[in-house]
Amino acid sequence: MADLDNATKRKLESIFDMGGGYVLDFSNARFADFVKTAIGVDPYEKYPPASKAVLLRAIWHQEPLPIVAKLNLELLEHWRIGKLIVDEEPKAAEIALHGELTAQFSVLVASADRATTEFLLKDFTAIDLDALPQVLTSRDVVEARLREIDACIESAAPLAVIFLVGSTLEGLLMELAMANAARFTAAPSAPKERGKVRPINQWRLSDLIAVSRALGILSADVSKFADHVRNFRNYIHPRQQLAEAFEPRIETARIAQHVLRAALADLQRASGRG
């Protein structure tokens with residue numbers, strides 16, 4: 001969730017001429033194509049039917065900050081090119097707004113590494129829980145947790161999202177590992193103690209992620225970001241959160257939510273039905 005401040009939103013609404021539900025010179029079809037090309041999202045499919053301006057505000061509110069920044073930069077460039085095409089000299093105030101916003105969002109895009117941005121652009125919304133491996137018996141619980149995570153995002157409760165994502169991911173990988181114990185314990189990356197592989201029920205989330213990656217169950221980017229979620233989940237202990245001055249942000253929660261959906265997509269693929 002980008003959580004743009006009110007001043008930034010007012011500047012964007014002014015330069016994008018969003019009064020009356022419009023966005024610049026876009027028709028509905030051209031707006032859908034522009035957004036999909038920019039960030040891989042069809043706003044008319046992902047969000048409830050609404051005007052172009054309402055859909056753009058929904059994107060600002062719902063999508064991760066690097067994605068919002070990328071879209072806004074492309075819209076700002078579309079505005080600039082539009083002025084050139086019709087040979088219209090922008091007003092001084094418009095030039096100032098365009099410069100401020102371009103600088104602001106350029107910094108945000110530059111601060112997000114390419115791998116993170118590419119990962120967040122991937123669409124994992126069409127997850128079929130019934131297509132997960134048959135050994136996973138907790139589908140109803142997972143479905144309920146996905147709804148609860150959505151509710152926590154809407155309620156701006158990032159720490160709750162991080163803990164829900166971490167525990168759900170750990171539960172799924174633990175159940176999968178115990179159902180395929182021989183395969184998991186034979187992996188070279190299986191955790192050992194005094195030369196022997198530890199019982200699976202004693203594995204930590206980091207162990208489950210590492211072995212799942214080694215076995216090709218989790219993809220490289222999912223295992224990388226899942227490990228970040230594991231680190232965040234350690235802040236379930238208030239003293240550690242205080243000691244490391246960790247302040248959870250809704251942006252962090254949105255990434256964690258994306259990681260869980262990506263992991264579910266990997267598990268669906270691993271079942272041979274994804």
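**Close-up views of a predicted model**

**View A. Threonine 8 in helix H1.** Threonine 8 has its place in helix H1, which spans residues 6-15. The model shown here and in the following views is predicted. With a relative accessible area of 4%, threonine 8 counts as buried, because buried means under 20%. Leaving aside neighbours within four places in sequence, the residues in contact with threonine 8 are Leu101, Gln104 and Phe105.

**View B. Valine 23 and the largest nonpolar core.** The largest nonpolar core holds 78 residues. Those that touch the most other members are Phe16, Val23, Leu56, Leu71 and Leu264. When neighbours within four places in sequence are left aside, valine 23 is in contact with Phe16, Asp17, Met18, Phe31, Lys52, Ala53 and Leu56.

**View C. The largest pocket and its centre.** Rolling a probe the size of a water molecule over the atoms shows where empty space is left. The volume of the largest pocket is about 600 Å³. Its lining is made up of 25 residues, and those nearest the centre are Lys46, Glu63, Asp123, Thr125 and Arg254.

**View D. Elements and residue classes in the lining of the largest pocket.** Two or more lining residues are given by each of helix H2 (28-39), helix H3 (43-46), helix H7 (114-121), helix H8 (139-154) and helix H14 (250-270). The largest share, four residues, comes from H14. By class, the lining of the largest pocket comprises 11 charged, nine nonpolar and five polar residues.

Technical notes
Residues numbered from 1 in each chain as written. Predicted model: local features only at pLDDT ≥ 70, side-chain atom pairs only at ≥ 80, totals over all residues. Heavy atoms only, no water. 1 Å grid on protein atoms, 1.4 Å probe; cavity = no way out; pocket = protein on both sides within 12 Å on 5 of 7 lines; lining within 4 Å. Points joined across faces, edges and corners; volume = space filled by probe spheres on them. Nonpolar A, V, L, I, M, F, W, Y, C, P; charged D, E, K, R; others polar. Core = buried A, V, L, I, M, F, W, Y, C linked by side-chain atoms within 4.5 Å. Buried < 20%, exposed > 50% of the residue type's maximum accessible area, 1.4 Å probe, protein only. Contact = heavy atoms within 4.5 Å.
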